[in-house]
Amino acid sequence: VVSTQSTGALMEKFRPLLTPELVGKTGMVFAVDFGEPGKWTFDLKEKGTISDAADAADADVTFQMSEETFMKIIRGELQSAAAFMSGQMKIQGNMMEAMKLEGLFKKMRTKL
């Protein structure tokens, strides 16, 4: 299980992936909501930032899951579609936009 502090350190590792090219290609804001440990918002619409601030941009898509499920997806131990179908992950917002993020999740694996 991942603690909030180590989740923050992990999110820092992902920042270099948020290139202007990725922002231009993705054009959306998504959030990963871990419940009690907090919510992280990835602005891939304009800024190319990751924030855990309450006033972060409104997300086009929000993934709700445990930190453990997120880590399994990032490590490649669990496909995001399987997590969704099994109820380990919930998605709020545009499902088609959510599917665009599978490639980013795979790139995140390189930063572990």
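**Close-up 1. The salt bridge between Arg-75 and Glu-77.** In this predicted model, the side chains of Arg-75 and Glu-77 meet in a salt bridge, with a distance of 2.9 Å from N to O. Side chains of opposite charge can pair when their charged atoms come close. Arg-75 has a relative accessibility of 39% and therefore counts as partly exposed, whereas Glu-77 counts as exposed because its relative accessible area is 53%, and the cut-off for exposed is over 50%.

**Close-up 2. Helix 3 and the residue just after it.** Helix 3 covers residues 67–75, and its buried residues are Glu-67, Thr-69, Phe-70, Met-71, Ile-73 and Ile-74. To be called buried, a residue must have under 20% relative accessible area. Just after helix 3 comes Gly-76, whose phi is positive, at about 85 degrees.

**Close-up 3. The salt bridge between Lys-45 and Asp-60.** Here Lys-45 forms a salt bridge with Asp-60, and the closest N and O atoms of the pair are 3.3 Å apart. This pair links distant parts of the chain, since Lys-45 sits in the loop between strand 2 (39–44) and strand 3 (49–51), while Asp-60 sits in the loop between strand 3 and strand 4 (61–65), 15 residues apart. Lys-45 is partly exposed because its relative accessibility is 39%, and Asp-60, at 28% relative accessibility, is likewise counted as partly exposed.

**Close-up 4. The salt bridge between Glu-97 and Lys-100.** A salt bridge is also formed by Glu-97 with Lys-100, where 3.3 Å separates the closest N and O atoms. With a relative accessible area of 43%, Lys-100 is partly exposed. A search of the whole structure finds four salt bridges, among them the pair of Glu-97 and Lys-100.

**Close-up 5. The largest pocket and its lining.** Rolling a probe the size of a water molecule over the atoms shows where empty space is left. The largest pocket holds about 180 Å³ of space, and the residues that line it are Phe-63, Ser-80, Ala-81, Phe-84, Met-89, Ile-91, Met-95, Ala-98, Met-99, Leu-101, Glu-102 and Phe-105. Two or more residues of this lining come from each of helix 4 (80–85), strand 5 (89–93), helix 5 (95–99) and helix 6 (102–109). Sorted by kind, the lining of the largest pocket has 10 nonpolar residues, one polar residue and one charged residue.

Note on methods: Residues are numbered from 1 along each chain as its sequence is written. This is a predicted model: local features need pLDDT of at least 70, side-chain atom pairs count only at pLDDT 80 or more; totals for chains, interfaces and linings use all residues. Side-chain values use heavy atoms; hydrogens and water are left out. On a 1 Å grid over the protein atoms alone, a cavity is a set of points where a 1.4 Å probe fits but cannot get out, and a pocket is an open set with protein on both sides within 12 Å along at least five of seven lines; lining residues have an atom within 4 Å of a point. Grid points are joined across faces, edges and corners, and a volume is the space filled by probe spheres set on the points. Helices (H or I, at least four residues) and strands (E, at least two) are DSSP runs, numbered from the N terminus. Ala, Val, Leu, Ile, Met, Phe, Trp, Tyr, Cys and Pro count as nonpolar, Asp, Glu, Lys and Arg as charged, and the others, Gly among them, as polar. Buried means under 20% relative accessible area, exposed over 50%, partly exposed in between (1.4 Å probe, protein chains only).
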